[in-house]
Amino acid sequence: MAYDNKGAGDSRGNRPSNNRGGNGHGNGGYHGKGGDSRGRGNGGKGGFRGSKGQGGYKKRDGERKFDRDDNRDGYKGGKPQGGYKGRGDRDDRGEGRKFDRDNRGPKRDFKRDDNRGGYKKHDGERKFDRDGGRGGYKGGRDFDRKPRGDRRDGDRDFKKGGYKKDFSRDGRKFDRDDRGPKRERSFDGDRRDDRRFDKRDGGKFEGRGDRRFDDRPKKRFDDDKRGFKPRRDDDRLDAQVDDDAPRSEYREHRRKGEGYRGTGGGYRKPKGQVHVTPARQAACAIGRVVRERNAYVAEVTPAVLAKFQGISPEDAAFATKIARGVTATVGTLDEFINRNMKTPNDIDEVVRDAMRVSAYELLFLDKPAYVVVDQGVELVCSVAPKAGGLANAVLRRMSESAKTFPFGNPNLSLQVLARSQAFPMWLAKRLMNEMTLPKATAFMHTCNTDAPVFIAVNSVKGDFEQIEEAFDQAGSLLDPSEDVQGCYRVKEARSLRSADVRALFEAGELLVSDEGAQTVAQLAMPAEEPASFLEIGSGRGTKTILLQSAAHRAFGHCVPMTSVDDHEFKGKILGERCAAYGIDTVEPLTADARTLSQKLPEASFDAVLLDAPCSGVGTLRRHPEIRWRLKPEDITSMASINLDLLIEATKMVKPGGVITYATCTVFPEENEQVVERFLKTKFGEQFEIEEQVQTTLTTNGPDAHYAARLRRRA
């Protein structure tokens, strides 16, 4: 903006430096009472207007110069709203009207488009009061749209709602009170300043009609650079997530706006419904029962899965795999979770149960991180809805930390090796000392693999040709054992779900048993037919059935047997199973094997099997809960107990009879050393070792078992 004053100026409205005027921004000329073409006026008070216009100027004597053909006469150059019209004696049409404030027409916004200063009323004159930069109107707003607080008298108030002057004119004082009643603004009503400037319509201000605040067009989330998508109420995750699917395909099956976003996302708790696969929910439930009851995974899994009605076989298999894996690696998983938390002791046990599932998938199943984190947060929310935020933060840190697991070189550090194989440090160290490092490493690695499925044919009822045909129809071949009669490895475990194969198990023709256990049963049954057989530690009767099946193959019938266990309920289970398998020569007995001679007469059995309680380290892949429950002192304690049991059991053997001592561990302290210690006792001098077997744990082979058959001298 510029204004008219005495002195020289050029056609662009610029003032010489010795005058009080400011520079004009537009191209319009100015309007004076006379003077030459350079604009030397002689005291006229007329101003000029035009911030960006191109119009020329008009002299008072009527002569036109630089008049445009577009009828923008005189000093009216540029935009219609540009410039300030001074109070000349005549207007631009030559009429003798005096311009005062009341007949200027609509109030205008003097704020420039580029915010470069405003104007100030000062002693009857107007000048541009610049604030040394792009500060805009002094007392108005800066670029951050906040009041500056340095208003002066005569400044305008640019707040929405009106125009205010602090000076008087024509006997009136312009004050807020003269503007009428104060309007109540709301987002639902018409806004007084709800105008827009449209250059295409000649620079007219137009209102936006009846459109309200809520009707403004909203930006779509999918236009956002961050890639957010609009939320939808459909397209929920109803089926199992394909964990190996690409990330883009996986997100197509997720409800938009929920779950783990990845970069810039965050977790938004779904209302009333969680989107976690049934397999993960079942695995978490199994882990919780195992923890609360200190139970075995194999025992609780069927009952827990039965509660998930409609769960598919694939989900059930995946849930079992995760539950077993979590139980086997729980110590390492807890260490990993604690590593990524500031206060690990503050989370509830149920939250930790859920986070263990995700940790196992990250460390040992190599599942995609975005799947694990998303499903992990949902799983935590399913058991503790308020812990979703914590789970999101911790799981995201875990997904990054898992990239450097096991946090060192296993070839250089035994601690790192134990962590990589999810073994307690003390157990890994003992295995290394007793088996050498390469064998110990192979053993620990095999313990983390899936155990092969071995079946035993019950010779009392089973027909091998029928069994082989059923498995052939189910799509699996049977691999016979080279060492044990009636033992077969099932190459395709899913064939066990076949209706024909299940019928064989229900009929008592087949039972599942590891090849190592069948080897022990075959060794325990002597070559000569025993008139009486004593089994100590019968449990649920698996070895009982194996022994009778071996007797039936060898002698054509079952042998009389007394099966002892210290739990009465196991005796009932034993009786039911024997009946299902066609065996009626077994008598269950509940007794403490350490005082067995108080219930049974000594030297009354031709053959005895002592299935001794042990650490069970040889069966870790089938009993994953053992490795983290076992303590170093337990091995020595069990070895001592087994020596007492062996001494008591040998009292039951007739002269010339045999006793088989069997364990499922790899530690010599529980195996050979117990036998050697027994032989050195006074009573042990009557026995001698007849045969020993020890199976080695391999990927497709049996578990690690040990058995020694001793014969009493006649």
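Visitor: How many helices and strands are in the chain?
Guide: The chain has 19 helices and 19 strands. Keep in mind that this is a predicted model.

Visitor: What is the mean pLDDT of the chain?
Guide: The mean pLDDT is 75, and 62% of the residues reach 70 or more.

Visitor: Where does pLDDT stay under 50?
Guide: Residues 1–101 are one such stretch, and the model has 215 contacts beyond four places in sequence for them. Residues 110–178 also stay under 50, with 129 contacts beyond four places in sequence. Where pLDDT is low, the predicted coordinates should not be read in detail.

Visitor: OK. How much of the chain counts as buried?
Guide: Of its 714 residues, 46% count as buried. As for contacts with a separation of 6 or more, 65% are between residues 24 or more positions apart.

Visitor: Now the sheets. What is the order of the seven strands in the open sheet?
Guide: The order is S15-S14-S13-S16-S17-S19-S18, and the pairing is mixed. At the edges stand S15 (586–590) and S18 (687–694), each with a single partner strand, so one side of each has no neighbour in the sheet. From one strand to the next the twist averages 15 degrees.

Visitor: Which strands does S17 pair with, and in what sense?
Guide: S17 pairs with S16 (residues 605–611) in the parallel sense, over six bridges. With S19 (residues 706–712) S17 pairs in the antiparallel sense, also over six bridges.

Visitor: Which residues are bridge partners there?
Guide: Leu610 has Tyr661 in S17 as its bridge partner. Ala662 has Ala707 in S19.

Visitor: Is S17 largely enclosed or left open?
Guide: S17 (residues 653–663) is largely enclosed by the rest of the structure, because eight of its eleven residues are buried.

Visitor: And how do S13 and S14 run?
Guide: S13 (residues 533–536) and S14 (residues 561–565) run parallel and are joined by four bridges. Ile536 has Val564 in S14 as its bridge partner.

Visitor: Where does Leu600 lie?
Guide: Leu600 lies in the loop between S15 and S16.

Visitor: Buried or exposed?
Guide: Leu600 is buried, because its relative accessible area is 14%, and the cut-off for buried is under 20%.

Visitor: What is Leu600 in contact with?
Guide: Leaving aside neighbours within four places in sequence, Leu600 is in contact with Leu534, Leu589, Phe605 and Met652. The C-alpha atoms of Leu600 and Lys651 are separated by 9.9 Å, and these two residues are 51 apart along the chain.

Visitor: Back to sheets. What is the order of the four strands in the antiparallel one?
Guide: That open sheet has the order S10-S11-S9-S12. Its edge strands are S10 (478–480) and S12 (510–512), each pairing on one side only. The twist averages 35 degrees from one strand to the next.

Visitor: How many bridges between S10 and S11?
Guide: Three, in the antiparallel sense, with S11 covering residues 487–490. Leu478 stands opposite Val490 in S11.

Visitor: Which helix packs on the sheet, touching S9, S10, S11 and S12?
Guide: Helix H12 (residues 464–473) does, and its direction makes about 135 degrees with that of S10. Helix H14 (residues 515–524) lies across S9 and S11, running at about 35 degrees to S9.

Visitor: Let's switch to H10. Which of its residues are buried?
Guide: In H10 (residues 425–435) they are Leu427, Ala428, Arg430 and Leu431. Seen down the axis of H10, they fall within an arc of 165 degrees, so they line one face of the helix.

Visitor: What do those buried residues pack against?
Guide: They pack against four helices: H9 (414–420), H11 (437–447), H17 (626–629) and H18 (632–650).

Visitor: What follows H10?
Guide: Thr436 does, and its phi is positive, near 70 degrees.

Notes
Residues are numbered from 1 along each chain as its sequence is written. This is a predicted model: local features need pLDDT of at least 70, side-chain atom pairs count only at pLDDT 80 or more; totals for chains, interfaces and linings use all residues. Side-chain values use heavy atoms; hydrogens and water are left out. Buried means under 20% relative accessible area, exposed over 50%, partly exposed in between (1.4 Å probe, protein chains only). Helices (H or I, at least four residues) and strands (E, at least two) are DSSP runs, numbered from the N terminus. Two strands pair if DSSP finds at least two bridges between them. The arc is that of the directions from the helix axis to the C-beta atoms. Contact means heavy atoms within 4.5 Å. Axes are lines fitted to C-alpha atoms, for helices over the stretch in contact, and angles run from 0 to 180 degrees between N-to-C directions. pLDDT is the predictor's confidence in each residue, from 0 to 100.
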